[in-house]
Structures are given as C-alpha cells and as structure tokens.
Amino acid sequence: MATGRTHRPATRSRGIPEATVARLPLYLRALTALSERSVPTVSSEELAAAAGVNSAKLRKDFSYLGSYGTRGVGYDVEYLVYQISRELGLTQDWPVVIVGIGNLGAALANYGGFASRGFRVAALIDADPAMAGKPVAGIPVQHTDELEKIIKDNGVSIGVIATPAGAAQPVCDRLVAAGVTSILNFAPTVLSVPDGVDVRKVDLSIELQILAFHEQRKAGEEAADAEGTTAAAVVRKDSAEQGPDGDVPAVMPA
C-alpha cells in the first residue's frame with residue numbers, strides 16, 4: 001500500500017509556527033473521522049475542506065511535519081493520525097487536574113473525549129468542603145488543601161481552571177508553584193504567569209459577543225440592501241411619471 005508520505009523525524013528544532021500548531025487539532029479531528037470510516041487515503045483538497053482551511057495552507061502545514069503526500073494518491077490517513085498525534089504529544093498519557101467543580105467543571109469532568117485524545121483526568125479539586133468526597137464522573141472530588149500533593153503524586157503538568165474569576169489567579173499561582181506548566185483557563189479573567197508557563201484561555205462570553213457582532217453586521221447589511229431596493233423602486237416610479245423632457249408629467253392638455 002502506498003504510504004502517501006516522505007518522512008523526516010518531527011522535531012521542535014524545525015520551529016513549527018504557532019498558527020500551524022493551532023490547526024493541527026483540526027486536521028487530527030478530520031483525520032480521526034476518516035479513520036473511523038476506514039478511509040485509507042485522502043487528498044489535500046478533501047482534508048482541507050473537512051478541516052475548514054484551504055488546501056495550500058494545509059500542504060504548507062504538513063511540510064513542517066515532513067509529510068508531502070503522493071501525487072495521485074494523497075495522504076495516508078492512519079499515518080497522519082499517528083504523526084500529528086505524536087507532534088501534539090498525544091501518544092502518551094497526560095494526567096490533568098480540574099480545579100473548580102461547579103456546573104462547568106462538572107461538565108468538563110463528564111466529557112468523554114479526554115481519554116481518547118491522550119488525556120486522563122487525574123483529580124477533581126474544589127474549595128467547597130461540602131464537595132469533598134462527592135463523586136463526579138466517577139471521580140471523588142478532593143479539597144484544594146490537597147492540591148500540591150495531588151499534583152506531585154500524579155505527576156501533573158496540565159491544569160484546568162474552571163473557578164469563578166476572583167479565585168482563578170490564586171489557584172493559578174498554586175498550580176504553577178506546584179509544578180504545572182500548562183493551564184487551560186475557563187475563568188473570565190486574564191491570568192498572570194511566569195515565563196515557561198503556557199496558558200490557553202476559553203471565554204464563552206467573548207465568543208458569543210463576537211458572534212453577536214457578526215449578526216449585527218449582517219442585519220445592518222440586510223437593512224441597507226432593503227433601503228437600496230426601496231430607493232431604486234422610488235426612482236423608477238418617479239421616472240415613469242415624468243414627461244419626455246424629464247421634468248413635467250407627460251399629460252396632454254384637454
């Protein structure tokens with residue numbers, strides 16, 4: 001079977017751009033769907049459409065991984081799944097702690113996609129003593145007093161913050177001090193972290209506000225189009241009522 005690849009070892013020294021890294025999960029999601037349907041190969045055009053990017057950008061992104069496909073054959077789906085998973089660090093098990101087990105934290109704990117994507121929820125942590133010992137998604141919640149011990153015992157380097165805004169920075173500081181170097185922040189606030197710590201922010205309200213902006217713009221464009229149509233109709237009506245010289249009605253005297 002054609003492998004659809006020319007492979008060079010993927011290394012950080014090649015300097016993969018952040019924009020490319022941000023698109024790799026999109027490619028992986030599309031490729032995983034193809035793999036589940038037992039599709040052996042895929043063209044750059046088909047994969048780009050499934051991932052929502054243009055094919056030229058996809059080919060450029062894959063060139064950083066050392067994958068160029070085979071003309072007339074395309075890319076080997078299973079190999080690309082492995083290659084992108086390896087580049088993203090998903091070929092190993094990453095223990096994750098979720099801090100803040102309110103509605104959002106509980107929803108994250110119940111998300112079934114962590115395990116299949118290389119992540120394991122090692123612990124759920126909350127500041128409310130009443131939550132201690134309560135099982136969420138089959139995992140007993142532990143109190144924040146145990147945070148540092150939990151991180152050390154489980155070798156955690158990735159933390160998820162789902163606390164209220166006011167508690168997020170103190171929790172972040174404790175996570176970093178305990179050795180966490182990557183944080184996914186769902187709290188509606190900007191976190192301050194030292195060099196060497198990566199933070200990804202997910203703010204649902206901001207995303208909704210951006211969508212509201214686009215909805216408002218579309219409504220404005222539709223209103224402008226409607227006004228233009230009405231104005232054109234008025235002009236046509238006025239022209240029809242004018243005489244041949246364009247300034248008096250075309251009415252013959254009685």
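Analyst: A helix axis here is a line fitted to the C-alpha atoms over the stretch in contact, and the angle between two axes is taken between their N-to-C directions, on a scale from 0 to 180 degrees. The model is predicted. In it, the axes of α1 and α3 (residues 55-65) come within 11 Å and cross at roughly 105°. Angles of 65 to 115 degrees count as roughly perpendicular, and α1 and α3 are therefore roughly perpendicular to each other. On the α1 side, the contact is made by T20, R23, L24 and Y27. The α3 side supplies K57, L58, D61, F62, Y64 and L65. Sorted by class, this contact between α1 and α3 has six nonpolar residues, one polar and three charged.

The lining of the largest pocket comprises 40 residues, and the space inside is about 2,000 Å³. Nearest the centre of the largest pocket are P25, L88, L90, F119 and R200. Its lining has 23 nonpolar residues, against nine polar and eight charged.

The second largest pocket has a volume of about 170 Å³. Its lining includes S43, S44 and E45, then R59, and then the run from Y68 through G69, T70, R71, G72, V73 and G74 to Y75. By class, that lining divides into three nonpolar, six polar and three charged residues.

One further site concerns a single side chain. H143 belongs to strand β6 (residues 139-143). A polar atom of the H143 side chain lies 3.0 Å from the backbone oxygen of A127. Leaving aside residues up to four places away in sequence, H143 touches I125, D126, A127, D128 and P129.

Definitions and conventions: Residues numbered from 1 in each chain as written. Predicted model: local features only at pLDDT ≥ 70, side-chain atom pairs only at ≥ 80, totals over all residues. Heavy atoms only, no water. 1 Å grid on protein atoms, 1.4 Å probe; cavity = no way out; pocket = protein on both sides within 12 Å on 5 of 7 lines; lining within 4 Å. Points joined across faces, edges and corners; volume = space filled by probe spheres on them. Nonpolar A, V, L, I, M, F, W, Y, C, P; charged D, E, K, R; others polar. Helix = DSSP H or I, 4+ residues; strand = E, 2+ residues; numbered from the N terminus. Parallel < 35°, antiparallel > 145°, perpendicular 65-115°, else oblique. Contact = heavy atoms within 4.5 Å. Polar contact = N/O pair within 3.5 Å; in protein donor to acceptor, adjacent residues only side chain to side chain.
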